[in-house]
Amino acid sequence: MTPERFSECLLHIRWTPINLASALQCDLSWVEAMEVGNAEVPAGLGEWLETLAQCHEKAGVPTTYRGRGHD
């Protein structure tokens, strides 16, 4: 997985590097290194991120609730 696709996947999932590090319970510095290409994304992690990103891309975000407030 390229650093660009890694970042795209995080955007689709709506996660920051901090969120991913928290989910994986790993060092943020490792996630940041993968984000900029200083560390390789392990195949299993890349596959997992692709799966999550594709699900989010397909499902989208419902627009019917935009601007809704508490009644």
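1. Buried means under 20% relative accessible area, exposed over 50%, and partly exposed in between (1.4 Å probe, protein chains only). By that scale Glu57 is partly exposed, at 39% relative accessibility.

2. This is a predicted model, in which local features need pLDDT of at least 70 and side-chain atom pairs count only at pLDDT 80 or more, while totals for chains, interfaces and linings use all residues. Residues are numbered from 1 along each chain as its sequence is written, and side-chain values use heavy atoms, with hydrogens and water left out.

3. There are three salt bridges (a side-chain nitrogen of Lys or Arg within 4 Å of a carboxyl oxygen of Asp or Glu). Arg5 pairs with Glu8 at 3.1 Å, N to O; both lie in helix α1, three residues apart. Helices here are DSSP runs (H or I, at least four residues), numbered from the N terminus. Arg5 is buried, at 19% relative accessibility, whereas Glu8 is partly exposed at 38%.

4. Arg5 also meets Glu50 in a salt bridge of 2.9 Å, N to O. Glu50 lies in helix α4 and Arg5 in helix α1, so this pair ties together parts 45 residues apart in sequence.

5. The salt bridge between Arg5 and Glu57 is 3.3 Å, N to O. Glu57 is in helix α4, 52 residues from Arg5 in helix α1. Through shared partners, Arg5, Glu8, Glu50 and Glu57 form one network.

6. In helix α2 (residues 17–24), Pro17, Leu20 and Ala21 are buried. The face turned away from that buried side carries exposed Ile18 and Ser22. After α2 comes Gln25, with a positive phi near 55°.

Conventions: Helices (H or I, at least four residues) and strands (E, at least two) are DSSP runs, numbered from the N terminus.
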